[in-house]
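Morning, everyone. Please have it open in your viewer.

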Amino acid sequence: MIKQDACSQLNLKKCIKMKRLICYLPMLLLLIIVFSSCGNNTNKTSNTITTTDSTKTGVMQKDWGEVDGKKVYIYTLTNKNGVQVTISNYGGTVTSWITPDKNGNKSSIIIGFDSLQGYLQKPPYFGALIGRYGNRIGNAKFTLDGKTYQLAANDGKNHLHGGIKGFDKVVWDASIGDTSTPSLTLHYMSKDGEEGYPGNLHVTVQYTLTDNDELKIEYNAETDKPTPVNLTNHSYFNLTGDVSNTILNHTLMIDANNFTPVDNTLIPTGEIKSVKGTPFDFTQPKKISKDINAVKGGYDHNWVLKRKDSSLKRVAVLSDSISGRTLEIYTTEPGLQFYTGNFLDGKFKNRDGKPINQHMALCMETQHFPDSPNKPKFPSTILKPGEKYHTVTVYKVVSSER
Ligand code: BGC
């Protein structure tokens, strides 16, 4: 009755138009909802980049905070097997790698935190991108083309992992890849003089999670003045996915006949020594616990990888019988720093609140040899203007199930 009354007071034509509009309104709303949800899930045509659903293949981006006035994000890369790697543009840090064990139970084989706050407490390079120089430079100095450069001394008198504010503590620019394989590209411009290094260095690192459960890391750099460059990733692995289990029961093979002995400040002596008959012999798969006690402080050394050229090659295999997981490491680099988490002391707690104690995680850092700028006999780490720094490392998880 009221409706009819209202209508009769209005012009009849206007009234009919209004009624039609009311009829079409639900359809219109439906169309808007469909289009906007498509936009949320996929913002590129060729891939399935999702901003709302981390269970789908693709890359999900989430706000994670702010550092130095720059936005920090956490990206979840998911492949078609449901394996996930999370990476932040703060320090280019790999914060987790969630993969199933032999029983199909999922857990992270990389230690770390679920919040940015954890990383701001300066843990010892958990999952971080390391630069400009992976590992130590003796006396925090080197001489290049007749000029001596003084670097930041942040490990006693030595320089470690790029200095006080290395690439692990800066916010990188990030862009999500536009191929069907989930990837994240990070860029950082390290200024001339930063931490004492010469030259403006443009660094680009691409992380890709393939459907073969490989985390591929491609490092690229260019400079405008000669400078040492040695980039690596500092993920700490525990293949059991639980830091209450030691990594000493993991089995390791390193395809290297030689290693570089160090002095008591962990600077290479310059010698290249055969592993034969020493605790450093991992040419055949061996439990890490077997000889570790014969090495003062535990393993924290560079292995000279057996190689004929700089092609991508399998250089190490790590396996764990508890989880049935195996990690294969491929690289184009000549060296591998194998570090058994000797300085971990329970100060930092893993994402599940469990303390990360000594030997509860290990690092397999593919790189050039430590202190190369002061060791003329080691392969050169000097990048010159006009040259392109390009190295590739692949970590591949093989599970005994699936
Ligand atoms: C070094 C260790 C150091 C660790 C964390 C490793 O790459 O070889 O000596 O303690 O990084 O900083």
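Predicted model: local features only at pLDDT ≥ 70, side-chain atom pairs only at ≥ 80, totals over all residues.

The secondary structure consists of four helices and 28 strands. There are 402 residues in the protein, and 52% of them count as buried.

Now the single residue. Thr 223 lies in strand E14, which covers residues 214-223. Is Thr 223 buried or exposed? Thr 223 counts as buried because its relative accessibility is 9%, and the cut-off for buried is under 20%. Beyond its neighbours within four places in sequence, Thr 223 contacts Gly 199, Asn 200 and Leu 201, and also Leu 383, Lys 384, Pro 385 and Gly 386. A polar atom of the Thr 223 side chain sits 2.6 Å from the backbone oxygen of Lys 225.

On to the pockets. The largest pocket has a volume of about 380 Å³. Its lining has 20 residues, and those nearest the centre are Pro 124, Tyr 125, Tyr 236, Tyr 339 and Phe 343. By class, that lining has nine nonpolar, three polar and eight charged residues.

The second largest pocket has a volume of about 290 Å³. Residues lining this second pocket include Asp 263, Lys 296, Asp 300, His 301 and Phe 343. By class, the lining here has four nonpolar, five polar and three charged residues.

Key:
Residues numbered from 1 in each chain as written. Heavy atoms only, no water. Helix = DSSP H or I, 4+ residues; strand = E, 2+ residues; numbered from the N terminus. Buried < 20%, exposed > 50% of the residue type's maximum accessible area, 1.4 Å probe, protein only. Polar contact = N/O pair within 3.5 Å; in protein donor to acceptor, adjacent residues only side chain to side chain. Contact = heavy atoms within 4.5 Å. 1 Å grid on protein atoms, 1.4 Å probe; cavity = no way out; pocket = protein on both sides within 12 Å on 5 of 7 lines; lining within 4 Å. Points joined across faces, edges and corners; volume = space filled by probe spheres on them. Nonpolar A, V, L, I, M, F, W, Y, C, P; charged D, E, K, R; others polar.
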